[in-house]
Amino acid sequence: MTGKKLEKAAFAGGCFWCMVKPFKEWDGIEDVVSGYMGGHVENPTYEDVKKGDSGHLEVVEITYDPAVFSYEQLLEVYWQQIDPTDAEGQFHDRGHSYTTAIFHYSDKQRKIAEASKEKLSTSGIFSKPIVTPIRPAETFYRAEEYHQDYYVKEKEHYEEDRARSGRNEFIANHWS
């Protein structure tokens, strides 16, 4: 027994395919699972979410060891993957299911997320307001298996889609 006390974090950042790899690269991250959160339909499918019928957002649920990689560090990685000023979707993925959100699992996470958002808001990095909401975590629904670790399973398609999306250029322009 290792004695690790693992915690969960959930972030919506547009297409969940693009949100897995940036978190998986760090020590202390035990798992990153693509899924859905925040809607009104039980057990939504990808098609339900994509059409907007379920009210869910595409999210990644991260299991992490806060003794190795803190929630604050997770938020730093998160902000650098998204356009937090876009309330209509992310990059070429448009619509509610592709909007951003931080889902908190505790009051402590909520407070840390609010402080992180305020710090970003006053940083001068963005000229428009930060619109990413901070919401209580809801039921997480794991996405279909073919979505899990898509960047590994379908590397060529993942890289093409990401290159077309505008995400890489946005990140380079704002965070390099």
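1. In this predicted model, helix 4 is the element that gives the most to the lining of the largest pocket, contributing 5 residues. Helix 4 spans residues 107–121, and it is joined by helix 3, residues 71–79, among the elements that give two or more residues to that lining.

2. The volume of the largest pocket comes to about 240 Å³, and its lining is made up of 13 residues. Those that lie nearest the centre of the pocket are Glu76, Trp79, Ser116, Lys119 and Leu120. When the lining is sorted by class, 7 residues are nonpolar, while 3 are polar and 3 are charged.

3. How many salt bridges does the structure hold? The count is 14, and the points that follow take up some of these pairs one by one. As background, side chains of opposite charge can pair when their charged atoms come close.

4. One of the pairs is formed by Glu30 and Lys4, whose closest N and O atoms are 3.0 Å apart. Because Glu30 belongs to strand 2 (residues 29–37) whereas Lys4 sits in the segment before strand 1 (7–13), the bridge ties together parts that are 26 residues apart in sequence. Glu30 is partly exposed, with a relative accessible area of 40%, and Lys4 is likewise partly exposed, with a value of 42%.

5. A second pair to consider is Glu61 with Lys8, where the closest N and O atoms are 4.0 Å apart. Are the two partners buried or partly exposed? Glu61 counts as buried because its relative accessibility is 11%, which falls under the 20% cut-off for that term; Lys8, with a relative accessibility of 37%, counts as partly exposed.

6. The side chains of Lys24 and Asp149 also meet in a salt bridge, with an N to O distance of 2.6 Å. Lys24 lies in helix 1 (residues 17–24) and Asp149 in the loop between strand 8 (141–142) and helix 5 (150–153), so this pair ties together parts of the chain that are 125 residues apart in sequence. Lys24 is partly exposed, its relative accessible area being 29%, and Asp149 counts as partly exposed too, at 23% relative accessibility. Elsewhere, salt bridges that share partners join Asp107, Arg110, Lys111 and Glu114 into one network.

7. The last point concerns the cysteines, for which a search of the whole structure finds 0 disulfides. Cys15 takes part in no disulfide, and the nearest cysteine sulfur to its own is that of Cys18, 4.8 Å away. Cys18 is in no disulfide either, the nearest cysteine sulfur being that of Cys15 at 4.8 Å. Why is this pair not counted as a disulfide? The sulfur of Cys18 is 4.8 Å from that of Cys15, and a disulfide requires the two sulfur atoms to be within 2.5 Å. Both residues are buried, Cys15 with a relative accessibility of 6% and Cys18 with one of 2%.

Terms used: Residues are numbered from 1 along each chain as its sequence is written. This is a predicted model: local features need pLDDT of at least 70, side-chain atom pairs count only at pLDDT 80 or more; totals for chains, interfaces and linings use all residues. Side-chain values use heavy atoms; hydrogens and water are left out. Buried means under 20% relative accessible area, exposed over 50%, partly exposed in between (1.4 Å probe, protein chains only). On a 1 Å grid over the protein atoms alone, a cavity is a set of points where a 1.4 Å probe fits but cannot get out, and a pocket is an open set with protein on both sides within 12 Å along at least five of seven lines; lining residues have an atom within 4 Å of a point. Grid points are joined across faces, edges and corners, and a volume is the space filled by probe spheres set on the points. Helices (H or I, at least four residues) and strands (E, at least two) are DSSP runs, numbered from the N terminus. Ala, Val, Leu, Ile, Met, Phe, Trp, Tyr, Cys and Pro count as nonpolar, Asp, Glu, Lys and Arg as charged, and the others, Gly among them, as polar.
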